[in-house]
Amino acid sequence: MGTLLHYGTLLASAVIASGLALALGFAAPGMRVATVGLLLIILLPVVRVGVMLMFFLRAGDYKFGAVAALVLSIILLSFFLGAP
Amino acid sequence: MNGGLEMWLFAIALGTSMLGGLLGMASGIFIVPILTMFGGIDLHTAIGASLISVIACSCASAAPFLKDKLTNIRLAILLETATTFGALCGVFLAGLIATQYLYVIFALILLLSAQQMAARRKESPRPLNQGMEYSVQRLPLGMTLMYGAGLISALLGIGSGVLKIPAMDTALRLPIKVSSATSNFMIGVTAAASAGAYFARGDILTPVAAPVALGSVVGAVLGARILMKLPNEKLRMMFVCILVILSVQMMLAAFGINLIKAAP
């Protein structure tokens, strides 16, 4: 789990940095690359909950598996309801 | 575009994230007032960027906590049902509440943080060993406070440590080391729930949020490496003063008065 976050953060930062560098140097596509990086950052904790869900299910802990699934669905609900 | 604004945003995020690590609070509580008051950035845009910063700090500083095995994963996921549900409600409220009232709420939360920092958390009297037994108490009260923390987090773009810490110290009675680690774990997930909604709504503007995100990652990593010591008394009191000043400014901003805003 620690490795996932570590490399995930690194990857997202690298994408944002290169996007910004592009935007400073040239023009339009850079910002779109940086936006993808921002999306990656937002998704990191969501993936983290997904990993926890699998962890609970594999351990046979269905009670907390259900709790993790509930958290995941609240997050996804928030994503979809946020869109106008 | 020119690079000046980006550099400024990057520097602000770096500084506040380092401070956040030093003071044990999330960076959002500093980022939102600074962006709106000094940068003249729209409040909703500042909140969106701040949420990104909160997630970035949480992810970048989670690794040492995970190694310590102090994060209570089961407790964290249980409390997350309350914080994410709060975030869901907060996202809705943020669209309904007038900006003026958001400033007022922010000012109050800043004051509360100042008071909390001045009072200083009580260390648990027992030394905490790895894998030490502790029991969780008063779960319903803790869950209610967590719901409030999620709501405020989504509404104001802050980590809401100011509500999570009393929830875990006073209501659940967790040892401080456990609660810091658990809190870090939850803050990222809660902020992601609201950041996704802000993103879908178009309130996360890349030109503002991207430099803030980068600055936050760098600041959080540096903060964890360099600033391991607890802040001394003078530093702490200085930040109590800064929080109070920011609070007054946010209150004035609610009434359309901005004393320090740079010319646009």
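Local features need pLDDT of at least 70, side-chain atom pairs count only at pLDDT 80 or more, and totals for chains, interfaces and linings use all residues. Residues are numbered from 1 along each chain as its sequence is written, and chains are lettered from A in the order in which they are written.

Start with chain A. Chain A has three helices and zero strands; helices (H or I, at least four residues) and strands (E, at least two) are DSSP runs, numbered from the N terminus. The order of elements is α-α-α from the N terminus on. Of its 84 residues, 39% count as buried. Buried means that 20 or more other C-beta atoms lie within 10 Å of the residue's own, with C-beta atoms placed from the backbone. Now take contacts in chain A between residues at least 6 apart in sequence: 31% join residues at least 24 apart. Two residues are in contact if their C-beta atoms, placed from the backbone, lie within 7 Å.

Confidence comes next. pLDDT is the predictor's confidence in each residue, from 0 to 100. Chain A has a mean pLDDT of 81, and 81% of its residues reach 70 or more. Within chain A, α1(A) is lowest, at a mean of 70, and α3(A) is highest, at 91. Where pLDDT is low, the predicted coordinates should not be read in detail.

Chain B has eleven helices and zero strands. Its elements run α-α-α-α-α-α-α-α-α-α-α from the N terminus on. Buried residues make up 56% of its 264 residues. Among chain B contacts between residues at least 6 apart in sequence, 84% join residues at least 24 apart.

Now look at how the helices of chain B pack. Two packed helices are described by the angle between their axes and the distance between the axes. Axes are lines fitted to C-alpha atoms, for helices over the stretch in contact, and angles run from 0 to 180 degrees between N-to-C directions.

Take α2(B) (residues 28-37) and α3(B) (residues 43-60) first. These helices pack at an angle of about 150 degrees, with their axes 9 Å apart. That angle makes α2(B) roughly antiparallel to α3(B), a label for angles over 145 degrees. The crossing is right-handed; a crossing is left-handed if the near helix is turned anticlockwise from the far one by less than a right angle, and right-handed if clockwise. On the α2(B) side, the contact residues include I31(B), V32(B) and L35(B). They meet α3(B) residues, among them A46(B), I47(B) and V54(B). The residues of this contact divide into eight nonpolar, four polar and no charged. Here Ala, Val, Leu, Ile, Met, Phe, Trp, Tyr, Cys and Pro count as nonpolar, Asp, Glu, Lys and Arg as charged, and the others, Gly among them, as polar.

M37(B) also lies in helix α2 of chain B. M37(B) counts as buried because it has 20 C-beta neighbours inside 10 Å. Its C-alpha atom is 8.0 Å from that of Q249(B), 212 residues apart along the chain.

Move on to α6(B) (residues 99-119) and α11(B) (residues 233-254). Their axes come within 8 Å and cross at roughly 165 degrees. So α6(B) is roughly antiparallel to α11(B). The crossing of α6(B) and α11(B) is left-handed. Contact residues include Y103(B), F106(B) and L110(B) of α6(B), and R236(B), F239(B) and L243(B) of α11(B). By class, the contact has 18 nonpolar, three polar and one charged residues.

The crossing of α5(B) and α7(B) is right-handed. Among the residues in contact are G86(B) and G90(B) of α5(B), and G142(B) and G150(B) of α7(B). The contact divides into 16 nonpolar, eight polar and no charged residues.

Finally, the two chains meet. The contact takes 40 residues from chain A and 44 residues from chain B. On the chain A side, α1 (2-25), α2 (29-58) and α3 (62-82) each give two or more residues. The largest share, 13 residues, comes from α2(A). This side of chain A has 29 nonpolar, ten polar and one charged residues.

One residue of chain A shows the meeting close up. F79(A) is found in helix α3 of chain A. F79(A) is buried, with 22 other C-beta atoms within 10 Å. Not counting residues up to four places away in sequence, F79(A) touches G196(B), A197(B) and A200(B).

Key. A residue is buried if 20 or more other C-beta atoms lie within 10 Å of its own, exposed if 12 or fewer, and partly exposed in between; C-beta atoms are placed from the backbone. Angles under 35 degrees count as roughly parallel, over 145 as roughly antiparallel, 65 to 115 as roughly perpendicular and the rest as oblique.
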